[in-house]
Amino acid sequence: MSARLLQRLLLIAGCASAGSVTAQGPLDELGPRLAFGSAPGPWAQLSVTSEVTVYGFDEPPPGLVFTGEEPFVAPRIGLTADAGVGERTRLHALVRADRGFDPGREQDGDVRFDELFVQIDLFDRLRGRLEVGRFATAFGGWVGRHQAWDNPLVTAPALYDDMVPITPEAAPADPAAFAARRDNPENKDTWVPVVWGPVYATGAAFAAGAGAFDLTLEVKNTALSAAPERWDDGFDTDPTFTGRLTWHPRPDWLVGVSLSDGPYLDESAEPTLPPGTDVDDYAQTTWGIDLTYERHHLQLWAELAGSRFEVPGVGDAELLGGFLELRYKPAPRLWLAGRINHTRFDDVHGLERPWDRHLSRLDLAVGYRHSAHLQAKLEYSVGEQAGRDSNGDYRLAGQLVLWF
């Protein structure tokens, strides 16, 4: 796709969002026209989402913001297509045009498939499903609401957004050099978060459920912390295995337990490893517990996770983090949202200092849904790291979302 065409697509995203306030009638009528056929015969359905997000921040910008330009405007347009033959098989694709998967990651624009998979329903009576291709991870509870329309805030929780000094492309020189990384600003080119957003990596997943329980098992080509450019890689290293079990005891409660394990180093790190070892010898192991409560005008989510990185020449680098998030609707179209994040890091083996600075962050947002197709959100985040803080402390984000 040419750069000129991409620019036009991004311009359309912004204009569509801005002009949709006066075009709700046509949008309401457009939805049914984007669906064709029905099961058990061939069928297809299309939907379009456009987003315009504007960021302001304290430099260097915290989290997964890859730009020093302020204010930074991040338009995005996405096309979702689903098609099927019969009642059991569905093809799904999500293609997006934007300025990078994360804000500013591709300043000149990017077009890519974020999701591309086939889904097969396996059983008649039991809930059973097989997915093969590129899709979001089953780990944790936040991924299920990570899309802009479903997320009550603009940004992701710190577990999925805050970068830690783990470098998959190279091993540290020694434990002291590894511990010294925490004194530097987040290195956007080499560091990673514990879970990189929804992790649209490539692989297969099997899901089954009975009664109040659902189990998902997936095998993918990269670890939870892998950067987006690795999500399309082949299975050059051992795969990552992830599982999630959920329990839905009542309509207003859901409890989930997740576990993931697999190598996190890129093959480019091979020359920096200790003699006699390779990238498959160093794993990221992550566990998580999540809780959802929904009643009347209140929604509450909580998540706690621990992760261990086996760092060459250093030993285990462990952390414990989590968040508490809520959304309250004082009026049918208006909501208030907040999230408290906290992450703590263990000491480096042999040194009495944590391998990163403990983080606390507060995210506050207000949202307004103008109609079934248009909503706006405004978020303010402020964070604090223990000791000498070399990263920006605040981030402001406004977002307009249109879908049909």
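Entry 1. I began with the second largest cavity of this predicted model, and its volume came out at about 160 Å³. I listed its lining and got 18 residues. Closest to the centre of this cavity are Pro 62, Asp 162, Leu 359, Arg 361 and Gly 392.

Entry 2. I asked which strand gives the most to the lining of the second largest cavity. Strand S16 does, with 5 residues. S16 spans 374-385, and along with strand S15 (359-369) and strand S17 it is on the list of elements that each supply at least two lining residues.

Entry 3. I sorted the lining of the second largest cavity by class and noted 8 charged, 6 polar and 4 nonpolar residues.

Entry 4. I then checked how many cavities of 30 Å³ or more the structure holds. The count is 6. For the largest cavity I noted a volume of about 540 Å³. Its lining has 31 residues, and those closest to the centre are Tyr 55, Arg 76, Phe 101, Pro 103 and Val 154.

Entry 5. I looked up which elements give two or more residues to the lining of the largest cavity. They are strands S2 (43-57), S3 (72-85), S4 (89-98) and S17 (394-403).

Conventions:
Residues are numbered from 1 along each chain as its sequence is written. This is a predicted model: local features need pLDDT of at least 70, side-chain atom pairs count only at pLDDT 80 or more; totals for chains, interfaces and linings use all residues. Side-chain values use heavy atoms; hydrogens and water are left out. On a 1 Å grid over the protein atoms alone, a cavity is a set of points where a 1.4 Å probe fits but cannot get out, and a pocket is an open set with protein on both sides within 12 Å along at least five of seven lines; lining residues have an atom within 4 Å of a point. Grid points are joined across faces, edges and corners, and a volume is the space filled by probe spheres set on the points. Helices (H or I, at least four residues) and strands (E, at least two) are DSSP runs, numbered from the N terminus. Ala, Val, Leu, Ile, Met, Phe, Trp, Tyr, Cys and Pro count as nonpolar, Asp, Glu, Lys and Arg as charged, and the others, Gly among them, as polar.
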